[in-house]
Amino acid sequence: MLNDTIAAISTAIGEGGIGIVRLSGDKSLEIASKVFKSAKGKDIKEMRSYSMAYGYIVDPETNEIIDEVILSYMKAPNTYTREDIVEINCHGGVLAVKKVLSVVLKSGARLAEPGEFTKRAFLNGRIDLSQAEAVIDLIRAKTDDSLNLAVNQLKGKLSQKINSLMDKLLGCLAHIEATVDFPEDDVDELVVNKLVSDLQFIVSEIDYLIKNAESGKIFREGLRTTIVGKPNVGKSSLLNALLEEKRAIVTDIPGTTRDVIEEYINIDGVPIVLVDTAGIRKTDDIVENIGVEKSKEYLQNADLILFMLDASRPLEKEDEEIIDLIKGKNVIAILNKMDLPTAIDVDYVKGRFKHVVNASVKKEHGIDEIKKAIVDLVFEGRVSSKNEILVTNVRHKDALVKAKESIVKGIETIKSGLPLDLASVELKDSYLKLGEITGNIVAEDIIDRIFCDFCIGK
Ligand SMILES: Nc1nc2c(c(=O)[nH]1)N(C=O)[C@@H](CNc1ccc(C(=O)N[C@@H](CCC(=O)O)C(=O)O)cc1)CN2
Ligand SMILES: Nc1nc2c(ncn2[C@@H]2O[C@H](COP(=O)(O)OP(=O)(O)OP(=O)(O)O)[C@@H](O)[C@H]2O)c(=O)[nH]1
Ligand SMILES: [K+]
Ligand SMILES: [Mg+2]
């Protein structure tokens with residue numbers, strides 16, 4: 001129900017300077033007035049929009065003072081949700097904030113669902129769906145570039161692009177309608193050519209967005225990079241070196257790492273989810289074996305594999321088995337332990353892998369080269385995040401792919417000389433797909449799924 005008043009804790013739960021309980025809905029001020037006592041005896045119902053009041057939150061049933069607070073009021077429609085908003089700024093302890101929320105709920109507000117404030121901003125028309133999605137991306141951004149992309153999307157840059165494509169498509173549809181109204185006339189060849197070239201232009205613009213979406217996805221989700229190799233080649237040493245922190249246990253005992261270790265790093269603005277795994281080998285140790293199975297699972301889902309080899313030893317069956325497992329994946333092979341005499345067939349490894357880096361992780365050699373190889377591979381021939389409209393969300397990319405397919409079919413229909421209104425069916429499909437990105441035209445379950453993913457209080 002959109003017209004009830006919702007409330008939630010909008011700051012992170014934990015000890016902090018301030019914790020905020022936020023209310024949104026037309027009863028926000030009325031509910032707040034039941035629990036707030038102004039220090040100067042003022043009535044908050046007379047408050048001006050975008051002003052604050054100092055006082056106490058009091059449990060109306062027990063008259064017990066719960067917290068000393070500052071309350072702020074923002075009047076609809078100039079607010080985050082486009083509804084009346086009251087924010088109660090409490091002391092930032094877990095208990096005070098929770099108790100304030102609980103009296104607010106007892107006084108007539110309903111606990112907000114995750115993302116419900118932002119969902120209201122969307123349903124009330126302040127932002128479209130792609131902008132709402134940008135809010136959560138902004139909160140989760142781990143690098144400056146990711147943040148920058150999310151802010152641009154929040155400001156509506158992607159929406160503008162999609163709306164302009166939809167306008168152009170609508171122009172083509174109008175064009176077709178106009179010719180269909182005069183069926184007796186032979187459709188002018190010039191008209192058809194113009195239509196096809198307009199559609200091809202739209203396709204090329206969509207193509208550009210799709211092409212760069214791979215990089216965009218990395219900025220939003222991070223590049224899943226998994227270090228694999230047989231035991232003892234130096235995988236955990238590499239994780240520690242890239243993190244610049246002794247995160248994983250390193251020993252000279254093969255089979256040291258058993259669980260999967262996952263950490264975030266930022267390499268030149270590229271967010272990386274770095275995963276260290278158990279060395280892959282056949283083993284009778286039950287615990288280690290679970291680790292090995294996990295390693296195999298993780299390497300299947302990786303965007304990039306850092307395949308580590310011990311260059312001081314000849315290639316072994318275990319290495320070959322891993323080579324088989326990672327076939328067809330994005331791989332950077334790392335020849336580690338180059339500080340020791342080389343025993344591996346370097347040429348053979350170079351023949352098998354396009355990207356090979358020499359390193360001695362222990363002596364801190366080759367770490368920068370590994371970082372460079374990762375970033376180069378990510379952006380091979382592609383754009384960075386600078387001043388680009390980058391599609392970062394897989395949902396948007398999928399919609400673009402489908403939108404393009406429909407236009408391409410439409411162009412084929414037109415070119416084959418079939419009646420033009422047959423093409424308009426396909427163009428309308430494409431229009432609907434584009435509309436899913438901004439949420440102009442979108443099914444309720446998609447909306448629910450998107451906002452489910454939000455945090456509470458947002
Ligand atoms: N205390 C607090 N800080 C916050 C938020 C909040 O809800 N509360 N925000 C959210 O979580 C973000 C700010 N987002 C906002 C987006 C739009 C409007 C808004 O009311 N815009 C009005 C213009 C108001 C004016 O210019 O006076 C409008 O568009 O009409 C407010 C906040 C970040 N900081
Ligand atoms: N000489 C030399 N030793 C290294 C180098 N890198 C790592 N080591 C050593 O190799 C041993 C194994 O290193 P780890 O990082 O634990 O190897 P791992 O691949 O994570 O091993 P598991 O978790 O057991 O699969 C340790 O004794 C490291 O100090 C290197 O570049 N040169
Ligand atoms: K080890
Ligand atoms: Mg290890």
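## Strands and their pairing

Two strands pair if DSSP finds at least two bridges between them. Helices (H or I, at least four residues) and strands (E, at least two) are DSSP runs, numbered from the N terminus. This is a predicted model, in which local features need pLDDT of at least 70 and side-chain atom pairs count only at pLDDT 80 or more, while totals for chains, interfaces and linings use all residues. Residues are numbered from 1 along each chain as its sequence is written, chains are lettered from A and ligands numbered from 1 in the order in which they are written, and side-chain values use heavy atoms, with hydrogens and water left out.

An open sheet is formed by seven strands in the order E3-E4-E5-E6-E2-E1-E7, with mixed pairing. Strand E3 (36-38) and strand E7 (110-111) are at the edges and have a single partner strand each, so one side of each is left without a neighbour in the sheet. Within the sheet, strand E2 (residues 18-24) pairs with strand E6 (residues 85-91) in the antiparallel sense over seven bridges. Ile85 in E6 is the bridge partner of Ser24.

## Two backbone features in loops

Most residues other than glycine have a negative phi, and most peptide bonds are trans. Asn63 is not a glycine, yet has a positive phi of about 65°; Asn63 belongs to the loop between strand E4 (51-58) and E5.

The peptide bond that joins Ala76 and Pro77 is cis, with omega of about 5°. Pro77 lies in the loop between strand E5 (65-74) and E6.

## Surroundings of ligand 1

The residues around ligand 1 (those with a heavy atom within 4 Å of it) are Arg22, Tyr50, Asn78, Thr79, Tyr80, Arg82, Glu87, Arg126 and Lys458. This shell divides into two nonpolar, two polar and five charged residues. In this division, Ala, Val, Leu, Ile, Met, Phe, Trp, Tyr, Cys and Pro count as nonpolar, Asp, Glu, Lys and Arg as charged, and the others, Gly among them, as polar.

Polar contacts are pairs of N or O atoms within 3.5 Å. A polar side-chain atom of Lys458 is 2.7 Å from an oxygen atom of ligand 1, a polar side-chain atom of Arg82 is 3.3 Å from an oxygen atom of the ligand, and a polar backbone atom of Thr79 is 3.1 Å from an oxygen atom of the ligand. Taken alone, ligand 1 exposes 690 Å², of which the protein buries 50%; accessible areas come from the Shrake-Rupley method with a 1.4 Å probe.

## Surroundings of ligand 2

Ligand 2 is surrounded by 23 residues, the closest being Lys235, Ser237, Gly255, Thr256 and Asp339. The shell comprises seven nonpolar, 11 polar and five charged residues. Helix H8 (residues 235-243) gives the most to this shell, with three residues.

A backbone N or O atom of Thr256 lies 2.8 Å from an oxygen atom of ligand 2; for Gly234 the corresponding distance is 3.0 Å, and for Thr251 it is 3.4 Å. Taken alone, ligand 2 exposes 660 Å², and the protein buries 92% of that.

Conventions. A polar contact is a pair of N or O atoms within 3.5 Å; within protein, one must be able to donate a hydrogen and the other to accept it, and residues adjacent in sequence count only if both atoms are side-chain atoms.
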